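Here are my notes for your review. Please read them with the coordinates open.

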Amino acid sequence: MAMEQDDRKAILEAMDAVAAENPAEGDVYRTFKKQLYDIDPEETSEWIESLDRVLDSDGPTRASFLLRKVLKRARMRSLRMEFIQTPYINTISSEQEPEFPGDEWMEKRIRRIVRWNAAVMVTRANNQFSGLGGHISTYASAASLYEVGYNHFFRGPGYEDGPGDFVYFQGHAAPGIYSRAYLEGHLKEDHLKLFRQEVGGGGLPSYSHPRRMPDFWQFPTVSMGLAPINSIYQARFNRYMENRGLAKTSNSRVWAFLGDGEMDEPESRGALHLAANENLDNLIFVVNCNLQRLDGPVRGNGKIIQELEATFRGNGWNVIKVILGREWDELLRSDASGHLIERLNTVVDGWWQRYSTEGPAFTREHFFGHSEELKQLVANMSDEEIWHLRRGGHDYRKLYAAYKLATESNGKPTAVLVKTVKGWALGEGFEGKNATHQMKALNTSQLKSFRDKLELPIDDKDIESTPPFYHPGKKSPEIEYMMERRNALGGPMPRRRVKGDKLKLPKAALYKEFDKGTDGDQEVSTTMAFVRILRKLTRDKEFGPRVVPIIPDEARTFGMESLFNEMGIYSPNGQLYEPVDHNLILRYKEAKDGQILEEGITEAGAMADFTAAGTSYSNHGVSMVPFYIFYSMFGFQRVGDLIWAFGDSIGKGFLLGATAGRTTLMGEGLQHDDGHSQLVATTVPNARAYDPAFAYEMAAIVRDGLDRMYAKNEDCFYYITCYNESHSMPSKPKGATLDGITKGMYLYREPLKRRRLEAQLAGSGSILREVIRASDLLEKEYKVATHVWSCPSWQMLRAEALEAERWNRLHPVRKEKVPYVTALLDGRKGPFIASSDWMKTLPDLIARFVPCTRFVPLGTDGYGLSDTRKSLRRHFEIDAEHIVVATLAALARDGKIERKVVSQAIRKYKIDPDRQDPAVS
């Protein structure tokens, strides 16, 4: 029989008394359960008393040793008992559940209205445009998960004086979030009518896209695996902001709502240890375990909740399992034989999916018919009662208890593993089916059945025409209750700030030293120039604290170790040891208020840092300036999905691809030589990609980026490649204006003499020096006058040219615009030879906008090799000698010189004309 209210109250009071006397023992995790039947309480007490005696007499070390020996023996005897896995039941037993503070009936009513509008939104869209898509079943399974949060836990942006909670809503559940926003008055019915119909304005995007709804969605989450890693680093960044005195985040939690299938992504599990290591008890994962991914069961032959429990516990997390609804409580208490708990532990998920679709008779026969004891356990239950043995994720009180425990800080992050049915309450055609994820609309019969189950006052005739949205009215009890709860918790969610605070940028004088070049024989790399710029920025008293240097694990490779002691590496625990280099000036230094984020070997983690810092202006109202420097080959292409999401998030900051180039990184080889990240960067619409050759170019680009992103509030972020090849830096020539550098091209050097033969030589990055050397050879040995062009951004040249081309196409009677690159080269003679340390496709981006007689791109197509820079540049045919030959060949094809001159040059420079193309070698 059910537990009496007085008994329940007495147990809770006793637990409160224990907690008052000894807070540690009041923790639910450390309190004995009365959830399962104890066949011999006296024997149990003897075991416990024995453990207590050992603890009291010999201490925890001895007690731990004995327990491990017993558990080892248990494993030897094939008794499966592990530290990191608990039985397949709820973590919180019924007598441990707190009192529910709300009106459960009213909240159920609200939940039903939200469910209806979410399903109707997707159905209407697909009835109008077949195949438009949308997801009904994900939110159906997760509705209670969100509503418990909305009504009792999610802190809005007006909560006290913090930023509120950060909620990563599961992307496929977006219809439910829109539906609630409609009831709260933040969206109109016209918005819902335009679900997935954004062109023309006013429509709702498919998923959570801040770029499309910049005052609504905070985080893009629908690319599976990004929400878990981003939420972990966001929770960590919140602590970083507080520890550095930049924002108050102590009253802010980070919630991530995830799918069980999503947890298979490497990004989903790869950073779990960080959350535990840094004691992020401000982080809560809620994993909706509906046991289904897109096309079938997540673990048909296993138990995904048990697997995830082991994973999270093994990584140092709290785990709260919400598996069974309250209807199971009495069965568990009556399980004297232990057969029920054994059955729960052993039935695999594939069968649970069947139970949700086959009906009560099948469940009685297959699950409870496994033994006579189980049959007897449910002998007095009707089929209807068996059918209503709910999963925990559909029991509001069980969820409330789990969330309440999850929000009680104990130094660890928490994972709430919730068992649900995909397509819950949508009817026989939807619930638990393998095809559920792909089903986009309810037919008329299903809608009527759904309406009846939700008990909504909607007429049949309305459903038969165009299924209507339902709003009970602003003054209805449901809406008033909903608004009262949200107001008490700080206002609507989700909600995103559009702008952050105004930054006072450093003065232009900060960059002046880089225009002078280096003195005498001093040689530096563009990476060293960047580090110098970064140091100067962080030393600016007003601007400096807002800079966030981010490094995966190669600070010393990039020459950044001097920043360690100066800025400190962020660690929430400070430095608990004396480093091996403690007696050196450039010693390793960790600090609670450290400024540098050094992440170890994880580009994905560092990119999540970059995202948290680059969106701080909208999440915290505090503009931060992240500089994330990484090994270029392991940056842009490795975490491209995270960078795309950063663009969706309208993030700001600088990505620095260091040790760049396919020939400049000497000796490393095939998997280290980057010849394509500049090209990959061009695929992100608001990324501005630069490949500077000299220190003054680097300084100009950083200065321009700060101005555009933080003064003018432009929607962009910067990707800058920098090299580890040291050389003397030239002073800035007269033609190198800030405008020319940032637009992507300027005249670096005029010809030494006027001559009959002319050519235009262009280059970027480290190969510009080869271009300059080629210019000298052409002038001296072949009497060819050469204009040398520096092209810090092939991408920006193309973008501006395409913009001009589009304008001309759409304004046929107006005076045509001339692309910048075309205007620069207007009237210039000879071929245009474009060289870089990147694939030929990169300079080829501007080919059709160059008005010269011939365009010849040179680049590094193919896999990298291990060798010297000189040998690599010869191999990829981008050294000065190959640039000379390419120029002469173009002049010959234009009829300006004899072809034998080209053959002579090939022999002179010892070039093998019959060697295999490096692109395929």
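1. Burial first. A residue is called buried when its relative accessible area is under 20%. This is a predicted model. By that cut-off, strand β4 (residues 318-322) is mostly covered, with five of its five residues buried.

2. Side chains of β4. In a regular strand, side chains alternate between the two faces of the sheet. Here Asn 318, Ile 320 and Val 322 point one way from β4. Val 319 and Lys 321 point the other way. Lys 321 is among the buried residues, and so is Asn 318.

3. Partner of β4. Strand β5 (residues 414-419) pairs with β4 in the parallel sense, over five bridges.

4. Main core. Which residues have the most contacts inside the largest nonpolar core? They are Phe 285 and Phe 312, in a core of 172 residues. The top contributor is helix α28 (residues 695-711), which gives ten residues. A second, separate core has 72 residues, including Ala 140, Ala 142, Ala 402 and Leu 447. As a general rule, nonpolar side chains tend to be buried together in soluble globular proteins.

5. Around Phe 312. Residues up to four places away in sequence are left out here. Phe 312 then touches Met 263, Leu 272, Phe 285, Val 287, Trp 317, Val 319, Ala 415 and Leu 417. Of these, Val 319 lies in β4.

6. The five-stranded sheet. This sheet is open, with mixed pairing and the order β14-β16-β15-β17-β18. Its edges are β14 (746-749) and β18 (855-858), each pairing on one side only. On average, neighbouring strands are turned by 30° against each other, direction ignored.

7. Inside that sheet. Strands β15 (residues 757-763) and β16 (residues 784-790) run parallel and are joined by seven bridges. Leu 761 stands opposite Val 788 in β16. Helix α30 (residues 768-782) packs on the sheet and touches β14, β15, β16 and β17 (832-835). The direction of α30 makes about 170° with that of β16.

8. Aromatic pairs. A search of the whole structure gives 54 of them. Phe 694 and Tyr 696 form a tilted pair, 5.9 Å centre to centre with 35° between the planes. Phe 694 has 2% relative accessibility, so it counts as buried. Tyr 696 is at 1% and therefore also counts as buried.

9. A stacked pair. Why does the pair of Phe 832 and Phe 855 count as stacked? The ring centres are 5.5 Å apart and the planes are at 15°; planes under 30 degrees apart count as stacked. The pair links distant parts of the chain, 23 residues apart: Phe 832 is in strand β17 and Phe 855 in strand β18. Both residues are buried.

10. Lys 652 and two rings. The charged end of Lys 652 sits over the ring of Tyr 617, 4.4 Å from its centre. The charged end of Lys 652 also sits over the ring of Tyr 710, 5.5 Å from its centre.

11. Ile 911. This residue is in the segment after α36 (899-908). Its relative accessibility is 15%, so Ile 911 counts as buried. Beyond its neighbours within four places in sequence, Ile 911 contacts Arg 874, Glu 881, His 882, Val 885 and Ile 906. Arg 874 is 37 residues away along the chain, with a C-alpha separation of 8.6 Å from Ile 911.

Definitions and conventions. Residues numbered from 1 in each chain as written. Predicted model: local features only at pLDDT ≥ 70, side-chain atom pairs only at ≥ 80, totals over all residues. Heavy atoms only, no water. Core = buried A, V, L, I, M, F, W, Y, C linked by side-chain atoms within 4.5 Å. Buried < 20%, exposed > 50% of the residue type's maximum accessible area, 1.4 Å probe, protein only. Helix = DSSP H or I, 4+ residues; strand = E, 2+ residues; numbered from the N terminus. Contact = heavy atoms within 4.5 Å. Pairing = 2+ DSSP bridges. Axes fitted to C-alpha atoms, helices over the stretch in contact; angles between N-to-C directions. Phe/Tyr/Trp six-rings, centres within 6.5 Å; stacked < 30°, edge-to-face > 60°. Lys NZ or Arg CZ within 6 Å of the ring centre and 35° of its normal.
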